[in-house]
Amino acid sequence: MNLFGRNFLTLKDYTREEIEYLLDLSMKLKVDKKKGITGDRLKGKNIALLFEKPSTRTRCAFVVGARDEGGFPEYLGKDDIQLGHKESVADTARVLGRMFDGIEFRGFKHSTVEELAKYAGVPVWNGLTDEYHPTQILADLLTMREYFGKLEGLNFVYVGDGRNNMANSLMIGMTKLGVNMTILAPKSLHPSDELVNICKGYANESGAKLNISDDLNAVKGADVIYTDVWASMGEEDKAKERIELLRPYQVNKALMDKTGKDSTIFMHCLPAVKGYEVTEDIFESDKSVVFDEAENRMHTIKAVMVATLGREDDK
């Protein structure tokens, strides 16, 4: 599998086999790190980390992942460069592409990361946009595979805001890899028909089932219950409205019990607002694997950088 030079903007751009390859590489790199083994697959590579939105996991995962493999990450916050203000995105991309070997972007408009990729001439990785969060999905998939020993045939339910970047990306990733996917959300927060139809195509190809529902009983048989904050970054003004709308969709003991399975796990991309989308007791329970997910952000992001920028003979 050769992914050298590829951008990583959305999982729509990657086949099932390519995603599975990235998961296998992530596991290999994780096992090595646990043994104290790091490498030089990114030796001499300079990596720009562009952040319009702050982050704990994404920033730390890129920094540690790059350094583990001999790379040199440089953090560039919204006040450090002129991206989209005094200088166009295209011009910024052409400047950074001549100085850096790879570029990560975390921000608002998905069109920004697409434009960076168009003009940079080096691999560009999406650390989060308003539409997609593909590196998080790799970490989620790896965590599920570690816990259950497989992905295909698992029943996955996402509860909450069904049209945010996490719901979009989870729907793509799960249906591509044969995981039965349910979006459980109020009708006003259901994903777009366009993306649902695209993911139905992925599901038909992989053998997965895709269900969009507002009925809490849709969690029955779930192997995974997943949620996210009710108001994403940049939507703080909608918080009160979302709380009223999504309160019935809180992940709590009653909802977990509705699955009818003792083996159901709880997942969250973090940070969590405990007491809102999830109760403290579920977040802190032995069903919760949120910190395994958080750690796996680093291993999977490292794999993306190694696969698209590292030396082919060292993967």
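**Exercise 1. Work out how much space the second largest pocket holds and which residues line it.**

Start with the volume: about 180 Å³ for the second largest pocket of this predicted model. A pocket here is an open set of points on a 1 Å grid over the protein atoms alone, where a 1.4 Å probe fits, with protein on both sides within 12 Å along at least five of seven lines. The volume is the space filled by probe spheres set on the points, which are joined across faces, edges and corners.

Next, the lining, meaning residues with an atom within 4 Å of a point. Among them are Lys 253, Met 256, Asp 257, Lys 261, Ile 282 and Asp 286. Helix α9 (residues 253-257) gives the largest share, 3 residues. Helices are DSSP runs (H or I, at least four residues) and strands are E runs of at least two, numbered from the N terminus.

Last, sort by class: 2 nonpolar, 4 polar and 6 charged. Asp, Glu, Lys and Arg count as charged, Ala, Val, Leu, Ile, Met, Phe, Trp, Tyr, Cys and Pro as nonpolar, and the others, Gly among them, as polar.

A word on ground rules: residues are numbered from 1 along each chain as its sequence is written, and side-chain values use heavy atoms, with hydrogens and water left out. As the model is predicted, local features need pLDDT of at least 70 and side-chain atom pairs count only at pLDDT 80 or more, while totals for chains, interfaces and linings use all residues.

**Exercise 2. Find which side of helix α8 is buried.**

First pick out the buried residues (under 20% relative accessible area, 1.4 Å probe, protein chains only; exposed is over 50%, partly exposed in between). In α8 (residues 239-246) they are Arg 242, Ile 243 and Leu 246. They sit on the same side of α8 because they cover an arc of only 105 degrees around the axis, taken from the directions from the helix axis to the C-beta atoms.
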